[in-house]
Amino acid sequence: MHRVGSVGNNTNSNRLRKEKRLTYVLNDSADTKHCAGINCLALLKSSTYDGFDYLFTGSRDGTLKRWALGENTATCSATFESHVDWVNDTVIAGDSTLVSCSSDTTLKTWNCLSYGTSTRTFRQHSDYVTCLANAEKNANVVASGGLGGEVFVWDIEAAITPVSKSSDVVENDCSNGINGSKNSLQMSSLRTIGSSNGIGTHTTQCHGYVPIAAKGHKESVYALAMNHNGSLLVSGGTEKVVRVWDPRTGSKNMKLRGHTDNIRALLMDSTGRYCLSGSSDSMIRLWDLGQQRCVHSYAVHTDSVWALASTPTFSHVYSGGRDLSLYLTDLSTRESLLLCIKEQPILQLALHDDNIWVATTDSSVSRWPAEGRNPQNVFQRGGSFLAGNLSFSRARVSLEGSTPASAYKEPNFNIPGTPAIVQHEILNNRRHVLTKDAAGSVKLWEITRGVAIEDYGQVSFDEKKEELFEMVIIPAWFTVDTRLGSLSVHLDTPQCFTAEMYSADLNISGKPEDDKVHLVRETLKGLLAHWLSKRRQRHCSQASANGDVLSGKDMAAGGAAHSKIEVDGKAENDSTVYPPFDFSTVSPPSIITEGSQGGPWRKKITELDATEDEEFPSWVLDCILNNRLPPRENAKCSFYLHPCDGSSVQILTQGKLSAPRILRMDKVVNYVIEKLVLDKPIDSVNIDGTYAPGLGGQSQSGSKPWQKLRPSIEILCNNQASRIVLMCSVQVLSPDMSLATVRAYIWKKPKDLVLNYRVIQSK
């Protein structure tokens with residue numbers, strides 16, 4: 001796992017901002033597929049439910065999904081969306097509690113059979129949470145580890161059950177959570193209370209549960225495992241040692257040395273006597289915890305071992321990793337067999353009866369034959385070899401070209417995903433983003449609507465980027481990343497308020513063509529249209545219940561100080577969403593943001609219900625509710641307007657002019673025409689700009705005289721032949737080119753822009 005920045009703003013980020021960010025994540029398909037690698041798998045058997053076995057998958061797209069499994073079917077029956085970064089691991093605690101951990105530094109609990117609502121959020125870790133382990137027979141015990149070197153042991157039942165009001169402690173929500181649950185827990189002022197599992201628990205002044213801390217790791221933790229009754233816990237990470245703990249107290253029992261690189265996977269047998277470890281040194285080691293030593297080492301892989309799964313009797317181990325290979329190894333005889341070779345590194349394994357589910361850095365999950373009940377049957381297919389005990393032995397065999405043949409060529413079932421976006425480019429118009437996914441498909445996205453508007457198929461990304469190039473300058477009002485496998489669009493204030501366009505350029509009907517449109521405000525109105533509708537309904541319902549009538553001022557949210565906010569008086573204080581900003585409700589984007597209280601949260605825009613838990617940054621509320629914008633840098637461009645050298649046309653002005661950067665050249669032409677004609681007697685102006693009598697008077701049609709006498713004006717830059725805009729007769733370049741575009745692509749000098757004009761003779 002690479003240490004990179006998280007999508008959401010979290011309190012542990014090294015990147016500090018004065019204001020919170022708002023992010024929206026785009027989705028181009030139905031909500032039944034992952035769009036990034038699968039980091040974790042968990043199985044729930046059908047013994048107590050509706051006859052289905054359920055597979056839970058956690059992805060780098062930040063979501064978990066529940067799949068109802070048939071003989072050769074898998075139906076996505078729920079998406080669990082709340083994490084704001086990669087989901088790194090998941091386990092099932094008890095009969096129906098799903099626990100997940102994420103790079104957003106949180107653990108979350110869910111009802112396995114719900115439709116995606118998180119029941120608790122725990123923010124105990126200081127960095128990415130990378131791994132979980134559970135005790136099967138002591139079902140409420142779960143351990144978590146992360147990059148901060150922390151290991152915590154949780155009593156899930158105690159953690160998610162509110163403190164009884166009959167006790168000497170009064171229940172308090174202390175919320176910083178999401179999805180309608182005001183129950184994310186903050187930790188302070190600890191005191192001990194009892195627990196049915198013999199695990200010490202703590203409460204705080206805000207009565208939040210605090211787990212047991214197993215202190216001792218000085219570096220990152222990547223793997224955990226626990227025996228069935230929860231009496232032993234093992235951990236491993238970048239320190240290259242296996243640590244053994246008593247999870248009931250957090251005390252260290254022993255430290256096991258032998259690996260020469262990071263430990264990435266751990267398994268423990270049901271009794272807690274034996275432990276298996278997989279490492280980036282390519283080795284698998286079997287440890288006898290009673291003897292406190294390594295009793296076997298298995299060299300079957302040629303690269304890092306990232307995933308382990310054992311048979312119920314702990315007689316055989318399935319292993320996968322960075323070398324793309326899935327192996328089955330007999331722990332007693334050391335006989336090993338290559339089951340299959342994947343196209344991507346293997347991240348997680350889950351044994352399911354006589355099959356094994358395999359998760360990789362791809363967004364799909366495959367099921368392969370494994371003979372989990374009787375693995376010796378697989379060895380009868382032939383092709384096995386004796387695992388070495390030196391890490392270079394398998395690597396040497398591979399280099400010599402004698403890699404064993406795989407037992408299976410194709411999986412017996414596959415759950416497909418959506419290929420992750422692997423390349424992107426923001427186009428010059430700052431409304432479109434070109435992307436390329438892992439399958440090579442190139443698409444064009446419209447950011448202000450959140451949809452893919454063109455699918456070009458498998459074409460050259462660079463050639464398509466050149467083809468779509470526009471000579472236009474729009475300020476960079478958003479940023480984009482593809483860490484979650486799809487486009488995440490980030491809005492940060494005040495940068496996001498720098499971009500304006502004329503309504504004519506956006507083809508907005510019903511608005512004057514010269515109206516300026518703030519791209520971020522209209523985007524936010526479209527993005528939060530459902531939230532605004534729900535908010536109005538709630539306010540109206542509350543007002544009706546109280547017999548009050550709410551004014552527009554009462555409806556607005558209190559926000560930033562007026563001294564730091566400029567009010568856009570021309571803005572329409574309504575919720576009208578114009579077509580260029582109308583977001584899809586078929587594949588709605590998800591919001592990731594946070595307010596002044598609590599942590600980041602994530603929801604689809606169609607599931608927003610305007611509750612108190614949906615807290616937005618104050619600048620967002622000021623923008624969409626009050627039409628108040630933060631102070632902006634000077635959005636104007638200074639320039640000089642002179643006649644061409646040798647031209648007989650009059651000099652209109654000696655001084656410097658200033659206009660909005662988005663001002664188009666056709667407006668400059670109109671300015672010149674009005675000055676040339678209206679500043680002189682009408683009866684003395686010829687079409688070529690010279691004086692002549694007899695052309696005065698109002699036209700019969702009632703139009704202004706200068707409109708009938710409109711000369712053809714040509715605007716040039718650098719007083720050279722590089723024409724910018726040509727009105728009327730022949731167009732050299734588009735009249736829609738703005739001052740900013742001229743300055744960037746034609747003028748190309750740091751000093752003030754100089755434009756020249758001349759009158760074109762009529763033919």
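This is a predicted model: local features need pLDDT of at least 70, side-chain atom pairs count only at pLDDT 80 or more; totals for chains, interfaces and linings use all residues.
Two strands pair if DSSP finds at least two bridges between them; strands (E, at least two residues) and helices (H or I, at least four) are DSSP runs, numbered from the N terminus. Residues are numbered from 1 along each chain as its sequence is written, and side-chain values use heavy atoms, leaving out hydrogens and water.

Let's start with strand E26 (residues 325–330), where 6 of 6 residues are buried (under 20% relative accessible area, with exposed over 50% and partly exposed in between; 1.4 Å probe, protein chains only). Ser 325, Tyr 327 and Thr 329 point one way, while Leu 326, Leu 328 and Asp 330 point the other. In a regular strand, side chains alternate between the two faces of the sheet.

E26 runs antiparallel to E25 (residues 316–321) and also to E27 (residues 335–341). Here are the two pairings side by side:

| Pair | Bridges | Bridge partners | Residues between | Positive phi in turn |
|---|---|---|---|---|
| E25 and E26 | 5 bridges | Ser 319 and Tyr 327 | 3 residues | Leu 324, about 70° |
| E26 and E27 | 5 bridges | Tyr 327 and Leu 338 | 4 residues | Arg 334, about 70° |

Now to Pro 419, which sits in the loop between strands E32 (413–415) and E33 (421–426). Pro 419 counts as partly exposed because its relative accessibility is 32%. Its C-alpha lies 6.4 Å from that of Ser 363, 56 residues away in sequence.
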